[in-house]
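Keep the 3D view open as you read.

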Amino acid sequence: MEIRISTNMYDIGELYKLNSYLDAYAQVGVEVFPLFHSEKYEEELKNILPRLKSRPIAFHGPYYGAEHSAEKGSIEYKRTMKMAEKTLEYCKLLKAGHFVFHHNNCVVLKGKKEKMIETSCKNFRELEEMFHPFNITVVVENAGVMDRGNMLLDMEEFIELCKKEKYKVLIDIGHANANGWDLNYVINELKDSIVAYHLHNNDGVHDSHCRIHDGTIDFSSFIREAKKLTPNANWIIEYSREISDDEEGIKKDIEELIEIREKN
């Protein structure tokens with residue numbers, strides 16, 4: 001089990017801020033949240049590559065401008081796959097362990113749900129085939145929140161689909177909380193498939209990506225359950241850009257997780 005920090009909290013031009021955590025914690029890895037929708041991003045990523053090569057690395061799938069429920073051949077599909085191919089280049093270079101997949105990012109319109117699920121499942125298999133030769137696992141995240149209108153799968157539907165498709169799974173505990181899911185139930189149902197968690201907190205409605213104790217999730221209770229049932233799953237701190245300047249607070253959270261990990 002590894003502790004990683006997501007670069008989700010950094011905007012274009014801010015990736016250098018990650019160095020503070022790389023300097024402080026030799027044992028902490030990174031989940032890169034790629035911003036290939038911007039032409040400026042790749043050079044920024046290249047600049048930090050020497051620091052990343054010695055760390056456990058994973059990649060989130062492209063998010064901005066990406067849509068995996070888009071029909072093959074569509075403009076949205078082509079744009080998404082182009083960014084995924086670019087991400088794969090760096091996944092190979094850094095020997096990434098996983099690539100995070102969202103079935104959708106867009107709003108779920110009435111009457112479109114079943115088709116979106118069907119299409120995104122097909123697109124998942126295409127990505128899985130693309131990443132598999134390089135031993136990179138494509139993991140499915142419980143993406144989307146009701147408050148934003150983009151929750152494609154409710155709790156039971158997500159569990160059922162993951163079991164049916166035999167997905168490897170990343171549980172985002174903040175998304176689960178904002179959607180009113182029973183987090184312990186989800187972990188119990190999918191424990192044999194869970195490879196990682198995105199760790200953040202919120203008020204139970206908004207996907208605000210706050211610090212681990214700043215919200216309605218009983219984080220201490222969750223982490224005990226997760227450690228017991230999924231001891232090998234990685235913990236990935238995924239905070240928002242609004243949190244990124246709280247370096248002292250983020251380091252406090254990292255140190256808490258390191259301490260919890262070391263306890264039997």
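For sorting residues into classes, Ala, Val, Leu, Ile, Met, Phe, Trp, Tyr, Cys and Pro count as nonpolar, Asp, Glu, Lys and Arg as charged, and the others, Gly among them, as polar. What you're looking at is a predicted model, so local features need pLDDT of at least 70 and side-chain atom pairs count only at pLDDT 80 or more, while totals for chains, interfaces and linings use all residues. Residues are numbered from 1 along each chain as its sequence is written, and side-chain values use heavy atoms, with hydrogens and water left out.

Now for the holes. Rolling a probe the size of a water molecule over the atoms shows where empty space is left. Here that's done on a 1 Å grid over the protein atoms alone: a cavity is a set of points where a 1.4 Å probe fits but cannot get out, and a pocket is an open set with protein on both sides within 12 Å along at least five of seven lines. Lining residues have an atom within 4 Å of a point. Grid points are joined across faces, edges and corners, and a volume is the space filled by probe spheres set on the points.

How many cavities of 30 Å³ or more turn up in the whole structure? The search finds 2. The largest has a volume of about 60 Å³, and its lining is made up of H103, N104, E141, N142, A143, L152, L153, F158 and W181. By class, that's 5 nonpolar, 3 polar and 1 charged. The second largest cavity holds about 40 Å³ of space. Around it you'll find T7, Y10, D11, I12, L15, F33, L35, Y41 and E44, which split into 6 nonpolar, 1 polar and 2 charged residues.

Helix α3 is the element that gives the most here, with 4 residues, and the class count is 2 nonpolar, 2 polar and 5 charged.

Next, the packed interior. A nonpolar core is a set of buried Ala, Val, Leu, Ile, Met, Phe, Trp, Tyr and Cys residues joined through side-chain atoms within 4.5 Å. Buried means under 20% relative accessible area, exposed over 50%, and partly exposed in between (1.4 Å probe, protein chains only). The largest core has 82 residues, of which L52, I171, Y197 and F222 touch the most other members. Helix α3 (residues 75-94) gives the most to this core, with 8 residues. Another core, of 5 residues, lies apart from it, with V100, L170, A196 and I236 among them.

What about the aromatic rings? Rings of Phe, Tyr and Trp (its six-membered ring) pair if their centres lie within 6.5 Å; planes under 30 degrees apart count as stacked, over 60 as edge-to-face and the rest as tilted. This rule gives 11 aromatic pairs. One of them is Y63 with Y64, edge-to-face at 5.0 Å centre to centre and 85 degrees between the planes. Y63 is partly exposed because its relative accessible area is 24%, and Y64 is partly exposed at 31%. F124 and Y167 have ring centres 4.6 Å apart and planes at 65 degrees, so this pair is edge-to-face too. It links distant parts of the chain, 43 residues apart: F124 is in helix α4 (residues 113-131) and Y167 in the loop between α5 (155-165) and β6 (168-172). Both F124 and Y167 are buried. As for clusters, F33, Y63 and Y64 form one.

Finally, take N177, in helix α6 (residues 173-178). N177 counts as buried because its relative accessible area is 18%.

How values were computed: Helix = DSSP H or I, 4+ residues; strand = E, 2+ residues; numbered from the N terminus.
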